[in-house]
Amino acid sequence: MKSLTLGHTSFWYPATESPALRDVSLDVAQGEVVALVGALGAGASTLLLVAADLAPRVTGGRLAGDVARRDRSGIVLPTPWTQTSGMAFTVWDEVAFGPANLGWPTREIARQVDRALERLELVSLASRDPATLSGGELQRVIIAAILAMDPGLVLFDEPAAELDAEGARTLWRLIRLLAGEGKAVLLATSALDALPDVADRVVWLESGAVRAVGTPDLLAEVAVCDAGLGTSVATVWRASGLLEPYPLTVAHAVQRSQ
Amino acid sequence: MTGGRLHPFTLLAIAAALPALAWILPAPTGAAWTATIALALAATRGIRRGLWPAVLTVAPFWVFLLLLHDVPTTIAIGLRITTMVASFVWLVAALEPARLVEAMVAAGWSASVAYLLAATLRAVPLLKTRAQRIVEAQRCRGLSRRGGMAARLRALRALALPLVLSALHEVDERALALETRGLVPGIRRTPLAPPPDPAVEQAARWALLLVCLAALVRRFIVPRFI
């Protein structure tokens, strides 16, 4: 079942003439992880804001086309320090801020918050002041805060930007777990090497328009590598002058060389 | 009475009653009392955090008043302004915004309105912290705050522009984040840990209101019938 459907969607920010999104058609099914890739300014973040019903409702601007959302969405933005409520003395309170705004009973709030803290490996930080956390810890707190609201459609904008390698691996595993629970996940990331294991589909955006859609194998195609959006293995293979098709991962490269 | 554990409404009531009384009661005696109490309250939050900011903020007002008025008028208005400033400084230092939100939500206020009020109180310390970070960054890049008026103006510009622009940028992102975290108009937020509101504090708030009304009547109504 589709959690999000965009039909021929275009979006213009206020006081701009050229659209940030151009005629984008895309759907995300429950249990599916769709990754958006593209150069800076390609429109991935804007697409997430439209999917989250924040653009144009909060950002202003103009939307054309059809947007159908079946589930409540939650979006994780790239800068964790601007996403804190500023009203919490502890990490637990920070994560509970969203569920409390939904008016849930206290017991349900506690259950969701505890579960989210556990999933993000934040239990030991539950009583810490959010202002004392590192960027990576704060990013995990914000992700937990969104997950505690139990959204059906989870949107991530560069979620691993503040995380160390171990934190990023935990996040990618979590995203697959969320999909396994039936949540729809739409993800904008420049961590291309993680996508073969994380994404079911990859959408290549260019200048606000969808250039190509496919499985993660897309990230080893010549045109994608030419645009600087291939995986590290594919990029190195190409730079070494080795023959196409480029391998997507180290495992593929080993297979190719045998 | 440091204000740290008082109910947020009690803190607000004290911070509102003192300036009100300062303007209602006859100067300079009444205003001297309220200014003394307000400065004492500010001092309970620490010399650096409470008293010093209050004195520094109010000092220019005294200078301007002295330039514009005679001494009695300067003292009368200066004490009233001192009460207002010291009360506000004490309130900002003593009131925990999260407790205010919880108290307002528990009292049936809209969570959005409560957040707006609490965020306003948080704006001053947040901007101060941000300004310090910008100044440190600019100093690393060779900007000096010392020197003549021109150098100081350059330093002020180097602080003000990034401060305003970054604050505006953050407002945009924070609006998106709060929206996605459910802080929208019309919500019925669940109070997580509403602060206790003892009967004695409720009575004290009513008493403050009555004192202000009585002072108002004593000052402006009674003399018409004498």
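Which residue is the bridge partner of A:Glu206 in strand 9 of chain A? In this predicted model, the partner of A:Glu206 is A:Ala209. The pair belongs to the antiparallel pairing of strand 8 of chain A with strand 9 (residues 209-214) of chain A, a pairing that comprises five bridges. The two strands form a hairpin, with two residues between them. In the turn, A:Ser207 has a positive phi of about 50°.

Strand 8 (residues 201-206) of chain A also pairs with strand 3 (residues 33-37) of chain A. Here the strands run parallel and are joined by four bridges. Within this part of the chain, A:Val37 stands opposite A:Trp204 of strand 8 of chain A.

Chain A is divided into two domains, domain 1 covering residues 2-216 and domain 2 covering residues 217-258. The centres of the two domains, taken over C-alpha atoms, are separated by 28 Å. Twelve residues from domain 1 of chain A and ten residues from domain 2 of chain A take part in the contact between them. On the side of domain 1 of chain A that touches domain 2, two or more residues come from each of helix 6 (195-198), strand 8 and strand 9 of chain A. By class, this side of domain 1 of chain A has nine nonpolar, two polar and one charged residues.

Chain B contains eight helices and zero strands. Its elements accordingly run α-α-α-α-α-α-α-α from the N terminus on. Along the principal axes, the C-alpha atoms of chain B fill a box of roughly 70 × 55 × 30 Å. Of the 226 residues in chain B, 31% are buried. Among contacts in chain B between residues at least 6 apart in sequence, 74% join residues at least 24 apart.

The contact between the chains takes 27 residues from chain A and 24 residues from chain B. On the side of chain B that touches chain A, at least two residues are supplied by each of helix 5 (97-106), helix 6 (111-140) and helix 7 (149-180) of chain B. Helix 7 of chain B gives the most to this side, with eight residues. By class, the side of chain B that touches chain A has 13 nonpolar, three polar and eight charged residues.

Key
Residues are numbered from 1 along each chain as its sequence is written. Chains are lettered from A and ligands numbered from 1 in the order in which they are written. This is a predicted model: local features need pLDDT of at least 70, side-chain atom pairs count only at pLDDT 80 or more; totals for chains, interfaces and linings use all residues. Two residues are in contact if their C-beta atoms, placed from the backbone, lie within 7 Å. Ala, Val, Leu, Ile, Met, Phe, Trp, Tyr, Cys and Pro count as nonpolar, Asp, Glu, Lys and Arg as charged, and the others, Gly among them, as polar. A residue is buried if 20 or more other C-beta atoms lie within 10 Å of its own, exposed if 12 or fewer, and partly exposed in between; C-beta atoms are placed from the backbone. Two strands pair if DSSP finds at least two bridges between them. Domain bounds come from an automatic or database domain assignment.
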